[in-house]
Amino acid sequence: MPRAKNSTVPYIHTALPGPLAKKAIAFDRRFTSPSYTRYIPLCVKSASMCTVEDLDGNRFLDFTAGIAVNACGHCHPEVVAAIRDQAGKLLHMCGSDYYNQPQADLASRLCKLWPGKSPTRVFFTNSGAESIEAAFKLARYHTGRQRVIAFLGAFHGRTFGALSLTGSRITQRAHFAPLVPEVEHVPYGDVSYIREQLFKRTVPPDEVAAIFAEPLQGEGGYIVPPMKFFPELRKLCDEHGILLVCDEVQSGFGRTGKMFCIEHYGVEPDILCLAKGIASGLPLGAMVAKESVMNWKQGAHGSTFGGNPVSCRAALASIGLIEREYMQNAKEVGEFMRARLWKMREEHPNHIGDVRGLGLMLGMDIIADKKSQRPAKALREKIIDDAYYAGLLLLGCGEATIRFCPPLCITREEAATGLELLDGVIRKRCKK
Ligand code: PLP
């Protein structure tokens, strides 16, 4: 396994942000959209495997992987070599209009990885939201039905179609109405609500094109549904001719210890939405569907950049590494981290609530006190902030959850270092 170029991490040798970062951030803030959620004043200069270096030479341990994107770590030499090689041959020629080999190779690879026996086809995109848009359109096209069902707490992206399915945070939807009509949000993890309430009172099941579901809810709080949820959802879809669309944008490509999270439940979806970890850092997404479902006509959907050959080469290299070693590593280091987080919970019962997740997709709730288990959002923000000043990068999700989604190449030593540091941060913060 290649190691980070600078092995001493974390290494913080200036006040944060340092003078160069301060200047760069002030410059950036004059020109960029205020909608970005940049709470941490980190300006990244370079990164290698699980280490991120800022403009002032401070080094951080990365438990975020750029929101579960850098699956094989930052700038993995094999991924970079594939990108360099392809960049010298062909950057772009629009895969919707002409053929190129890397795109065909990746499509064939994704069809082989499909979690089921059905023959499949691939439509390439540039992002998670675009993969969801493509699935939304295909579901309506294929079924001739208009309604769709999504889950409360779900995050599917921010374009109009994807946003209409998103049910995570009110700030993401406020001021953007009207959204795409006929989307119903229902409680996550509970099929009986759809069966007994929705289908009996408000939504005729034979008007529903698709149910969109994350196999492990990400933005909503890293929530693992009950094991029977997806098999029951599959059954419900089959009874009514509804397509089951799995959003594996965050949970895919080895993150949960299996190539796709849905494999934990033994269920074959009809459509799979992919992005994030697919190319370990280059923008790329894909919507993979059963061949019998992807029956739209020539011209029905397309994309200028989707399936860019450089991104496809990065994806091929990245998937190879995940299959060879990082999926297993995600499982092993994930188990190690989960056990350590449980221990931390025992040590801080008044501040840490539930700990959950699969592989390297782990969440830990921060609570106000043991008795009420009330989510403590402000405390969660302070812990994430303190961790940054100590050299550990973390992200939140849900109401007051800390998420752990490091690169899948993280070593046990790096995981231990980061969690010791976090333990120290919680200890200090909770004494105050
Ligand atoms: N679906 C899920 C499960 C996600 O986690 C995300 C992004 O966080 C998206 C879709 C949207 O992806 P993108 O930001 O690439 O549009």
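The centres of domain 1 and domain 2, taken over C-alpha atoms, are separated by 27 Å. Domain 1 spans 19-75 + 328-429, and domain 2 spans 93-307; the bounds come from an automatic or database domain assignment. The model is predicted: local features need pLDDT of at least 70, side-chain atom pairs count only at pLDDT 80 or more, and totals for chains, interfaces and linings use all residues. Residues are numbered from 1 along each chain as its sequence is written, and side-chain values use heavy atoms, with hydrogens and water left out.

Domain 1 brings 27 residues to the contact and domain 2 brings 23 residues (heavy atoms within 4.5 Å). About 1900 Å² is buried between the two domains, 58% of it on carbon and sulfur atoms. Buried area is the accessible area (1.4 Å probe) that two parts lose on being put together, summed over both. V69, L358 and M361 account for 35% of the area that domain 1 buries against domain 2, more than any other three residues.

Polar links also cross the interface. The rule finds 12 residue pairs in polar contact, both at pLDDT 80 or more. Such a contact is a pair of N or O atoms within 3.5 Å; within protein, one must be able to donate a hydrogen and the other to accept it, and residues adjacent in sequence count only if both atoms are side-chain atoms. The count between the domains is 1 salt bridge (a side-chain nitrogen of Lys or Arg within 4 Å of a carboxyl oxygen of Asp or Glu). The side chains of E219 and R403 form a salt bridge at 3.0 Å, N to O.
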